[in-house]
Structures are given as C-alpha cells and as structure tokens.
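Please read them with the structure open.

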Amino acid sequence: MAVQLAETAPASAASTSVIGEAFKDALITGLIALGLFGPLIGFETIVIDGVLGLAYRPQLLAVMVGIIFFGRLILNLTIWSPNRKPKARSGPTAFDRAGTVIGPTVKPLLLAFAIGFPFIASWSLGGLNESRYLIDLGILILTYVMLGWGLNIVVGLAGLLDLGYVAFYAVGAYTYALLATSAPINDFFAGLLGATFWANWAFWICLPVAGLFAGIWGMILGFPVLRLRGDYLAIVTLAFGEIIRLVLINWTDLTNGGAGIASIPRATFFGIPFNASENGFAALFGLDFNPMHRILFLYFVILALALITAFATVRLRKLPVGRAWEALREDEIACRSLGINTTNVKLSAFATGAMFGGFAGCFFAVRAGFVSPESFTFDISAMILAIVVLGGMGSQIGVAVAAAVMMGGMEMLRNLGFLRQVFGNDFDPSLYRMLIFGFAMVAIMVWKPRGLVSTRDPTIFLKERKAVSGDLVKEGHG
Amino acid sequence: MDVFIQQLINGLTLGSIYGLIAIGYTMVFGIIGMVNFAHGDVFMVSTFIALICFLLLTTVLGITSIFLALAIVLVVAMFFTSLTNWAIERVAYRPLRGSFRLAPMISAIGMSIFLANFVQVSQGPRNKPVPPMVTDVIVLMDNNGYQVTLAWKQIIIMAVTALLLMGFWYLVQKTSLGRAQRACEQDRKMAALLGINVDHTISLTFVIGAALAAVAGVMYMMYYGVAHFADGFVPGVKAFTAAVLGGIGSLPGAVLGGLLIGLIEVFWSAYFSIEYKDVAAFSILAITLIFMPQGLLGRPEVEKV
C-alpha cells in the first residue's frame, strides 16, 4: 500500500537528495506497512483442540514489508521521481483511442469468435465431450457479460449505483424454478396440451415471465427509493438485495429455504427435449445422441440473450429515454430544469436493468437445474459491479472484455497448480479471487476512475463525431 | 415484565456497540459526504487485532488480570485500527477527492471486499472462539426461576461507551481540532481559506472514527466471544442504519440511532422472529431513507446548484 507523499518534494532538488528523499519516504512507507500487516500477517490465530492459540509468521511479514519498501523505493526513483515532468492530461488516453478506433472493427470479429467459439474449442480439443470444460466456461462468461450489460444500463447509462442487482437475478431464477416445478401448473397443462407439455415448454414460457417479474420488482423497489441521492440509493438497493436473500432462506414453505429447489426441468430445443428417446433432439435431427448437444444449445441461448441485451441498449440509447438516462447521469439538476421527470426516467432505467437481470436469472436456473439462496449473495452483486466499473461505465465492449478477463482469470486462478510448489501444499489460489477483485476495484478507481474504456460517445455532433475522454466530463449531483 | 427488562439491558448493550460504529459513518459522511462502505470491515479488522493482542498478552506474556489485559487491548486495537483506516483513506479515498461522485463509493466497496478477504486469507475462514473473559453476572430479579441478569461485561460495555462518548463530545465541541472538523463539515473551501489544513482534518476524522470502531470491536469480541472475517458486513450495515435513523451527520443522532437499532433488533428477536431480525434492521433503513431522509436529529438536506 503506497502512500503518495512524493508529490510534495521540490522539483529542483539535487539528485543525491532525490535518492535520499526517496529512501526516507520508502522507509516511512515500510514502517507503516509493518504496522498495517504486523498484527494480521505476523500472527495467525489457530484453533488447537478447541483452544485458540497463536502461530508466528515473521518470514511472511518480512517478505510483505520488503515488497512494499522496495516497490516504493523503485517507484520513487522512476515514475514518481520529481525530475520527471508530469504528462499533461488532455484528450482520450491510449485505452480510449483503442476503444474508439479498434472498437468498431473488433466488434464483428469478437461476435464471430463468440459464435464460433464452441466449434473452435471442440475442433482444437478433438471432440465435443473433451471441450465441455471450455464451453461451460464460455457459458459462465457470457452470463456475466449479460449481467454486466444489464447493470450497465443502470450504473453506466443512468448513473444509479445499484448494489442489489443480484436480487433481480434471484427473482428471475426463482420465478423459473418455482413455476417450472409447480405441480398445479403442470397438471393444468397436462389436461390441456399433453403430459409432457409443461416440462418441455416451461423454459420458453417462463423466460419472458421471469424478465417481466424482475422488471416489476424493479419498479416496486425502485419507486420509493429513486428519489434518494446516489449513495443512499446504493445502500437501500444493497438492503433490498439482502432482504430478498434472507426471505428466500427463511420462507421455507415457498422456497424450500437454504436447501434450495432441485430437479428443475432442463432446457429444450423449442419443445424438443435433449434426450436419447425417439422424440429427442438427436433422433429428430438424425444425429447420434450426445449430452453435449444441450450444453451447446445453452451456449447459444445465452449468447443470443446477451446480444439482445446489447442490441436493446444500443437502440435505447438512441431513443429519448436513453438520452434522458445519459443526461441524468451527467447532471440531474439540469435535467430537472429542462422538464425531464427524473423519477420516471430513473425508474425506467432501473426496471429495464432489472428485466435483463431476470432473464439472466432464468437462464441460470435452467442451466444449473438447481437454485438456492447461496447463489445470490452480495458477492455476486459486487462482482457484476466490478465488471461494469472495470470495463468503463457505459462502454459495451469494455464490459464484455472485463467480464471475460475477470471470469476467465478466476478460472485460471483455479488452475495455477504450480504455485503450490512455491507456496506449499495448502496454498489455494482461488481463495485470492475476491481479494484480487476488491483490490482491482480500488486500483481502477484510483488509477482510471472511468474504467479502462472511458470515452463519452456524443449523440449529437457537428460534422464529425469526436470521442471525449470521460475524465473531462464532470458529473453533477443526483 | 422481566423478559422486557432483560431485553432492555441486552438491547442497550448491543446499541452501544452499534452507536460507536455509527459515529464513524456519520462523521465521514458529514465531512466528505461519502458513505464509507468499508467502515464495517474496519470494525471487523479491529476485532481480529484485539483478539491477537489479547492472546499475546494472556498466553505469551502471562498477564492474569483480565481488566489490565482488556485496557491494554483497547489501546493497542485503537492504535492499529486507526493506522489502518488512515492508510485506507490515504490510498483509496484521497486520490478520488474531486472525481465523479460514485468513484469514492465504488472504491470503498472494493476496499470492503479487500479487507474481508484479506482477513480471510491471512487468518483463515473459520470462526475464532475467544476464551470467555468476564463471566460474572449480577442477578437483578428472580421471578420463579427466570432471572433478570446484568452481566459485568454489559456494565463494562455501557460504561466504556458512555465515558468515550463524553471524551469524544469534548473533543468535537471544545478543542481546536473539533472546531476545525466542524468547520470543514460546514464548508470545506472556506475552511481551507481560513487556514485549516483540510486534508489533515479529514485524515484525523478517519482516525477518530476508526478508534471508536476499534472500541466497538473490542467490546464485540468480549461480548460475543467470537471473531469471524465476514462479521463486518452486517454490523456495518446496521450501524449505518443507526447513523441514518439518527440523522446522518449528527453525532448525538448516531448514538441515539445506535441505541434504537440495538433495542429494535433485540425486541424483534424476542417477541417476533429471530430469523427475520436482519430483515427488520434492513427494512428500517429503507423506510427511514424513504420517508424521513433527514433522520431523527438531522438537518434537512438542501440541494444547491
């Protein structure tokens, strides 16, 4: 943890005193690091035979403090050196230029890659079954891309900090889980349209219903709270997210509590189940039965859902309501004085975002075949928010890349087995996942508060469209 | 009646802890207008620092007087927690002053996740059962076997809280630091023009908030006899609820709100359902913000262009 003291050093100092100053500063930082890490890294509380005791880790503490000290010293002598002239900040940065210049050309390529991904994976690994892991990972990443794009409407476009987005994900998932496993509905359709109708069609009927329900919940929750200013809104949405989770745990009659709902009907190819029977997908299309067909189909379903989210967002931005969202993000008071009904505009953003969360939740339930409140903790909300923040609030491509990097990176952490040889056998890299998330959120905010791709795309322009760096846009209070 | 009195005692004890944490929220909000989301986790870090210090004192140094040990633990925990919060402000919030309005909040959320997981990684994910420290109780009433008791640890918590709050009140109202702090709260730019070191004052606000949270952490550890890495989130949100209920920015409001939240939680658990006690606290937060955003003792917020 570096503290920026270097800025105060005089720029004309002689080089010897620069080194001396840098050393002194690094020493102070090292001492502070010792104080910060001393108790928590230097000692470990361990339970031996039910009694709490202490273990000592002086080497680890020394290594951590050493990293801070030398890191600080090197930074002081190079990047933060007073002899270096600070670069003038104006216009879009390299990342932004990359976002605007490469963006349009990369988009079709990325899309083509996303569509071809399962085939590339199965071709390169020599078979569908072998590529199951990669395709599952692709589904996971696309789910988070979709959630990121959904939350992007609320946070990125409308500038409302929603910390309870997972609530709508949960509403969508539980809507599908409860409706699909409901016996009365099954019996009703069994009498009307055949015994297997509901099991085969539940997903396709429930998908819009789940989105609708989530959207309605968004309205119900949003209506009273959207008059609040930014940070209050964040906390209230956080509270709502927790309330929904606690209700899901405690309302055991409806939701089966913490045990969750299992054996939810699987996805079907528009009514044709993926099984080995005569009426199954494989038999009807003249293929050999392979359980991977369902996984492949799920991949394309989530890809389509994500693309619908992206397409809807792009189109909505061109509509008056979308422009109102962005105007609201930049300056709420100006919006109000121009006669925009801020409550309705906020509500529409909130409900639209919630609806896409509901779709994603429905997909989550059909993919996993099991839902429980454990899947809808605050960590998920924070993760989606981190994706939106890292990607650059409001940028579609940035969010997609951030989702791929974060979820892919998370999977990679799981596979870093060689680190065990360095740190010992009980070292589990996946434990560091959330630690890295949290650190990345702080680092991105400090380093590039607008995210990696942070241009503002003007909707109205004279002659030519110019990208504006997000840093140059000042936001008002809201 | 006896159940009521017993719950009243428990509620006031819990409320004291919430009140101490709530002051940290309300002070930071008052001075830089930001919800310090990581404050609950700073509180959790302080319970671990206190636990480690307590174990060092009792098992390694062999101090047998529990009160002496507790007093030392209190001072040590206050010091290290203040240092932590000072560093957090320096690293995560100060560079963002003047950035867009969601930036410090997002940074604070990241810091909160970082702290909780840092403790999980460095201290392990399991519950840490703290050896019982003060076990004596005073029986106030004995009604056919139902005893209304006042535990010594409850007395300690309430007494320490009251003492600290008096000292804190003196600090804010009577000293030059408190004056500078109140001035920054009213108008940061004007305060800077009049020669107040604003950055310094903001740092000190974080330090004071953390010191009070550390006291709450020591009390929490002593009262519940447990330390866990995830125990910062829910007490943090409840303390924030307390700050909002009392009127954010108002110091007596934070204490009043803390006591009220403690009482509501305890009575809700006793008379309605213990499963929904967190739901009750979160609902109060939402209801207060929706219908009474200025809280009980807060000033109504005037929006300026």
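How many residues does the contact take from chain B and from chain A?

1. **The contact between the chains.** The contact takes 57 residues from chain B and 49 residues from chain A. Two residues are in contact here if their C-beta atoms, placed from the backbone, lie within 7 Å. On the side of chain B that touches chain A, the elements giving two or more residues are α2 (39–60), α3 (66–93), α4 (103–123), β1 (128–129), α9 (233–246) and α11 (277–291) of chain B. The largest share of that side, 15 residues, comes from α4(B). By class, the side of chain B that touches chain A holds 41 nonpolar, nine polar and seven charged residues. Nonpolar means Ala, Val, Leu, Ile, Met, Phe, Trp, Tyr, Cys and Pro; charged means Asp, Glu, Lys and Arg; the others, Gly among them, count as polar.

2. **Ground rules.** This is a predicted model, in which local features need pLDDT of at least 70, side-chain atom pairs count only at pLDDT 80 or more, and totals for chains, interfaces and linings use all residues. Residues are numbered from 1 along each chain as its sequence is written, while chains are lettered from A and ligands numbered from 1 in the order in which they are written.

3. **Chain B overall.** Chain B has 11 helices and four strands. Helices (H or I, at least four residues) and strands (E, at least two) are DSSP runs, numbered from the N terminus. The radius of gyration of chain B is 19 Å, close to the 19 Å that the globule rule gives for 305 residues, so chain B is as compact as a globular protein of that length. That radius is taken over C-alpha atoms, and the rule is 2.2 Å times the number of residues to the power 0.38. The C-alpha trace of chain B spans about 65 × 50 × 40 Å along its principal axes. Of its 305 residues, 52% count as buried. A residue is buried if 20 or more other C-beta atoms lie within 10 Å of its own, exposed if 12 or fewer, and partly exposed in between; C-beta atoms are placed from the backbone. Among contacts in chain B with a separation of 6 or more, 75% join residues 24 or more positions apart.

4. **The nonpolar core.** The largest nonpolar core has 230 residues. Such a core is a set of buried Ala, Val, Leu, Ile, Met, Phe, Trp, Tyr and Cys residues joined through C-beta atoms within 7 Å. Those with the most contacts inside it are A:Val236, A:Ile302, A:Ala386, A:Ile387, A:Ala403, B:Ala77 and B:Val215. The largest share of this core, 17 residues, comes from α8(B). B:Val215 touches B:Leu20, B:Leu74, B:Met78, B:Val160 and B:Leu164, not counting residues up to four places away in sequence.

5. **Helix α8 of chain B.** Is α8(B) mostly covered or mostly open? Mostly covered: 21 of its 27 residues are buried. Its end C-alpha atoms are 38 Å apart, which agrees with the 39 Å that 27 residues should span at 1.5 Å a residue. The expected span is 1.5 Å times one less than the number of residues. Just after α8(B), B:Gly225 takes a positive phi of about 65°.

6. **Two glycines.** B:Gly217 lies in helix α8 of chain B. It counts as buried because it has 33 C-beta neighbours inside 10 Å. Leaving aside neighbours within four places in sequence, B:Gly217 is in contact with B:Phe43, B:Ser46, B:Thr47, B:Ala50, B:Ala77 and B:Thr81. B:Gly24 sits in helix α1 of chain B. With 30 C-beta neighbours inside 10 Å, B:Gly24 also counts as buried.

7. **Helix α5 of chain B.** This helix (residues 152–174) has 23 residues and reaches 32 Å from its first C-alpha to its last, close to the 33 Å expected. Its buried residues are B:Lys153, B:Gln154, B:Ile157, B:Val160, B:Thr161 and B:Phe168. What covers them includes α1 (2–32), β3 (146–151) and α8 (198–224) of chain B.
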